[in-house]
Amino acid sequence: MMQVTCDNCGKIYRVDENKIKGAKARLKCRACANVIIVTKIQPGPEPQRQAARPEPEIPRRVETPRVPPPSEKIQPPAQEAEPSLGKRKVRFGLFSKITLVMLIVSLLPLIIFWSITYKETVSRINNDTELLFKVTAQELGNTVESWIENNVWILRAAAEQPAIQSMDRQTQESVLREIQRKNAHMYLVFTVGLDGRNVARSDDVPLKDYSDRQYYKDIIKGRSLSWQTLIGKTSKKPALVLSVPIRRGNQLIGVMAGAMTIENLSQVIVRWRRGKTGFAFLIDEKGKVLAHPDKAFVAEQKNLNKDPLIRSYKKGNWTTHASEFKNDDGRPSYGHVRTIKRSWAIAVQQESSEVFAALKRVQNFAIILLISTIVIVSLIAWISTRAIVTPIMKLTDVAERMSLGDLNMQINIPSKDEIGLLAQAIKRMQTSLRLAMERLRRKR
């Protein structure tokens, strides 16, 4: 080993001359970054030993070569190696390993739990939404059916009265006006003869010919009930006309009809709202709007057969149907359509962003929890790794300096764990090497 002293700061290094390639090498001082030129000492001829009294071999003492001034420095050849005393770089150190292990241990159960919870939440929200829409459509449908059945019962009960069966105008008019008075939503109650001519009516309008009306034709053909939705010429509002046969015994003698506004019925449907985008509407067997939050749709009896939800419903053969679709604004939505009597349908729909708002909150919570976990685990890993790596790096530095001959490094690691035991062992080794060097010097 050669002992080299920095001519700038006086730092002493020990260099293994066997590792020097060529005649000269350059070292970089760790203290002041000064470049030290080291010249390898070539071994000379061994002295002749006396045959009678051989002398013990004395360890060779290497003198520190004189460092020439800068003007006399000799540049080493380009191919010569340049030993370095800098710190070694660790590609995948303890910090990365500990952080990776802690992230796997902490995040893996969280991810598994979140995946299971997410699937269960999606299933529960879908089931709850489907059940809610189903129950809502069923309740609204029952309301519509009850309202219609009540009006049908009124007309059938009136058709069985002798005054109506008499087919006499004056006799019938008193009964028709009484029916209208007790049922405010009926703006017209009237009877029609077999020839299609108006027999009597509840208002003072002149008698009319109803032979071209579909609800008249259906009863004449033998149906027990017929209806038609239209914009009433008298009320100028969406209306429903119901008609039933007038019979004397088993013989058909006329038609009993009532025209009624469905405004009150519409309000029951329109009042149902869910969130900002959830609403319900009612269509007839032809797809025309009978009740809708948009009054313009009702006023013109807009045909919704091309509506995405109704189109999907029609493809399902007009049976109760639930589906996901995009509304007129292109936004994903969820809807449920229920068929009621007379082939009418109640539709309930809402945008998916509101339907799955609870799921979105779960997702946001999971993301926040995941990010928080990563930050906390990384912080704990950094603190833990620093507590482990810092003393190890100090001991590594001590070991490197000891390998260069510096045996005066202070080892001050008060830790009482395994790292503290390692520090004590290195300290004892340092003391042993120092004593060995002293013994070697005394023998020279």
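## The H9–H10 loop

Let's start with Asn412, which sits in the loop between H9 and H10; helices (H or I, at least four residues) and strands (E, at least two) are DSSP runs, numbered from the N terminus. Asn412 has 65% relative accessibility and therefore counts as exposed (over 50% relative accessible area; buried is under 20%, partly exposed in between, with a 1.4 Å probe and protein chains only). The C-alpha atom of Asn412 is separated by 8.2 Å from that of Ala423, 11 residues away along the chain.

Keep in mind that this is a predicted model, where local features need pLDDT of at least 70, side-chain atom pairs count only at pLDDT 80 or more, and totals for chains, interfaces and linings use all residues. Residues are numbered from 1 along each chain as its sequence is written, and side-chain values use heavy atoms, with hydrogens and water left out.

## The chain as a whole

The protein chain carries 10 helices and 15 strands. Of its 444 residues, 37% are buried. Take the contacts (heavy atoms within 4.5 Å) with a separation of 6 or more: 52% of them link residues 24 or more positions apart.

## H9 against H10

Two packed helices are described by the angle between their axes and the distance between the axes. For helix H9 (residues 357–403) and helix H10 (residues 418–443), the angle is about 15° and the axes lie 11 Å apart (axes are lines fitted to C-alpha atoms, for helices over the stretch in contact, with angles from 0 to 180 degrees between N-to-C directions). H9 and H10 are therefore roughly parallel (under 35 degrees; over 145 is roughly antiparallel, 65 to 115 roughly perpendicular, the rest oblique). Their crossing is left-handed (the near helix is turned anticlockwise from the far one by less than a right angle; right-handed if clockwise).

Who does the touching? H9 brings Ile388, Pro391, Ile392, Leu395, Val398 and Met402, while H10 answers with Ile419, Leu422, Ala423, Ile426, Met429, Gln430 and Leu433. Sorted by class, that contact has 12 nonpolar residues, 1 polar and no charged (nonpolar is Ala, Val, Leu, Ile, Met, Phe, Trp, Tyr, Cys and Pro; charged is Asp, Glu, Lys and Arg; the others, Gly among them, are polar). Ala423, whose C-alpha is 8.2 Å from that of Asn412, is one of the H10 residues in the contact.

## H1 and its partners

H9 also packs with helix H1 (residues 94–159): the axes come within 8 Å and cross at roughly 165°. That makes H1 roughly antiparallel to H9. This crossing is right-handed, and the contact holds 25 nonpolar and 7 polar residues, with no charged ones.

H1 meets helix H5 (residues 263–270) too, with axes within 10 Å and a crossing of roughly 170°. H1 and H5 are therefore roughly antiparallel. On the H1 side you'll find Leu140, Thr143, Val144 and Trp147, and on the H5 side Leu265, Val268 and Ile269. The tally here is 6 nonpolar, 1 polar and no charged.

## A five-stranded sheet

An open sheet of 5 strands runs in the order S6-S5-S9-S8-S7, with antiparallel pairing (strands pair if DSSP finds at least two bridges between them). Strand S6 (198–201) and strand S7 (226–231) are the edges, each pairing on one side only. Ignoring direction, neighbouring strands here are turned by 25° against each other on average. Helix H3 (residues 169–182) packs on the sheet and touches strand S5 (186–193), S6 and S9, its direction making about 155° with that of S5.

How many of the residues of S5 are buried? The count is 8 of 8, so S5 is mostly covered. S5 pairs antiparallel with S9 over 7 bridges, and Gly193 stands opposite Gly254 in S9. S5 also runs antiparallel to S6, joined by 3 bridges, with Val192 opposite Asn198. The hairpin of S5 and S6 has 4 residues between the strands, and there Gly196 takes a positive phi near 90°. Further along, strand S8 (residues 238–248) and strand S9 (residues 251–261) are antiparallel and share 10 bridges; Val244 has Met256 in S9 as its bridge partner.

## A buried loop residue

Is Gln301 buried or exposed? At 11% relative accessibility, Gln301 counts as buried. Gln301 lies in the loop between helix H6 (295–299) and helix H7 (308–315). Leaving out residues up to four places away in sequence, Gln301 touches Thr229, Leu230, Ile231, Lys288, Val289 and Leu290.
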